[in-house]
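Please read them with the coordinates open.

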Amino acid sequence: MGLADRPSVRRMRPSDLGQVMELERATFRTPWCREVFENEMEAPGRCYLVAEHSDRVVGYGGLMVVDDDAHVNTLAALRPSPVPAIGTRLMLSLVNRGLESGAQHLSLEVRASNRRAQEFYRKFGMAPVGVRKHYYQDDDALIMWVHDIGGLEYRHRLDRIREALP
């Protein structure tokens, strides 16, 4: 894949929210409203990114950092995808933003029924540590964590993921 075929990942802007909301509604059973994104983008310790390809938002993700903990608030990629590995590129960018902010741990919640997403997060070293009952209206959430993301072993994991990108 040439450089022109890769999505660019950058900070989310208010002007992206129309496309973000379309993708949000297409991806999640209980989508966030526009105001949630507006508030999150302005909140301290938050970082929201979009993946863009051919002037179109093809994915987005959000991260919250508190002290040395980074928490992935949301991650979505257009399906079917116009380019491969949008989610992986976004997740790598979110992890890097967490590391730049001094995070040492990474966590998230994922639908207990979403095995595909769980496998994706396992690629990033995340492991289940608990369940939040009825976190979603119609499903439990699996809590996943990875520790020592600033360590050499985890950095090597990120390098391997990055090297495997198409």
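1. Leaving aside its neighbours within four places in sequence, which residues is His71 in contact with? The model is a predicted one, and in it the contacts of His71 beyond those neighbours are Gly62, Leu63, Met64, Ser107, Leu108 and Glu109. His71 belongs to strand E4, which covers residues 69–77, and its side chain makes a polar contact of 3.0 Å with the side chain of Glu109. With a relative accessibility of 14%, His71 falls under the 20% limit and therefore counts as buried.

2. Strand E2 (residues 46–53) deserves attention, because 7 of its 8 residues are buried and the strand is thus largely enclosed by the rest of the structure. Strand E1 (residues 8–11) is joined to E2 by 4 bridges, and the two run antiparallel; within this pairing, Val9 stands opposite Ala51. E2 is also joined to strand E3 (residues 56–66), again in antiparallel fashion, by 8 bridges, and here Arg46 has Met64 of E3 as its bridge partner. E2 and E3 form a hairpin with 2 residues between them, and Ser54 in the turn has a positive phi of about 50°.

3. Which side chain meets that of Arg46 in a salt bridge? The partner is Glu40, at 3.0 Å from N to O. Glu40 counts as buried at 16% relative accessibility, whereas Arg46 counts as partly exposed at 22%.

4. The side chains of Arg10 and Asp16 meet at 2.8 Å, N to O; Arg10 is buried at 15% relative accessibility, and Asp16 is buried at 3%. The side chains of Arg162 and Asp159 meet at 3.0 Å, N to O, and both residues lie in helix H5 (residues 152–163), where they are 3 residues apart, about one turn of the helix. Arg162 is partly exposed, with a relative accessible area of 33%, and Asp159 is likewise partly exposed, at 32%.

5. On the aromatic side chains, the count comes to 6 aromatic pairs. One of them joins Phe37 and Tyr48 in an edge-to-face arrangement, with 6.3 Å centre to centre and 80° between the planes. Because Phe37 lies in helix H2 (residues 34–42) and Tyr48 in strand E2, this pair ties together parts that are 11 residues apart in sequence. Phe37 is buried at 0% relative accessibility, and Tyr48 is buried at 2%. Ring pairs also link Phe37 and Tyr48 with Trp32 and Tyr60 into a cluster.

6. Tyr135 and Tyr136 form another edge-to-face pair, for which the values are 5.0 Å centre to centre and 85° between the planes. Are these two residues buried or partly exposed? Tyr135 counts as partly exposed at 42% relative accessibility, while Tyr136 counts as buried at 17%.

7. The charged end of Arg111 sits over the ring of Tyr136, 4.5 Å from its centre. Arg111 is also part of a network of salt bridges in which Arg29, Asp138 and Asp139 are linked with it.

Methods. Residues numbered from 1 in each chain as written. Predicted model: local features only at pLDDT ≥ 70, side-chain atom pairs only at ≥ 80, totals over all residues. Heavy atoms only, no water. Buried < 20%, exposed > 50% of the residue type's maximum accessible area, 1.4 Å probe, protein only. Polar contact = N/O pair within 3.5 Å; in protein donor to acceptor, adjacent residues only side chain to side chain. Contact = heavy atoms within 4.5 Å. Pairing = 2+ DSSP bridges. Salt bridge = Lys/Arg side-chain N within 4 Å of Asp/Glu carboxyl O. Phe/Tyr/Trp six-rings, centres within 6.5 Å; stacked < 30°, edge-to-face > 60°. Lys NZ or Arg CZ within 6 Å of the ring centre and 35° of its normal.
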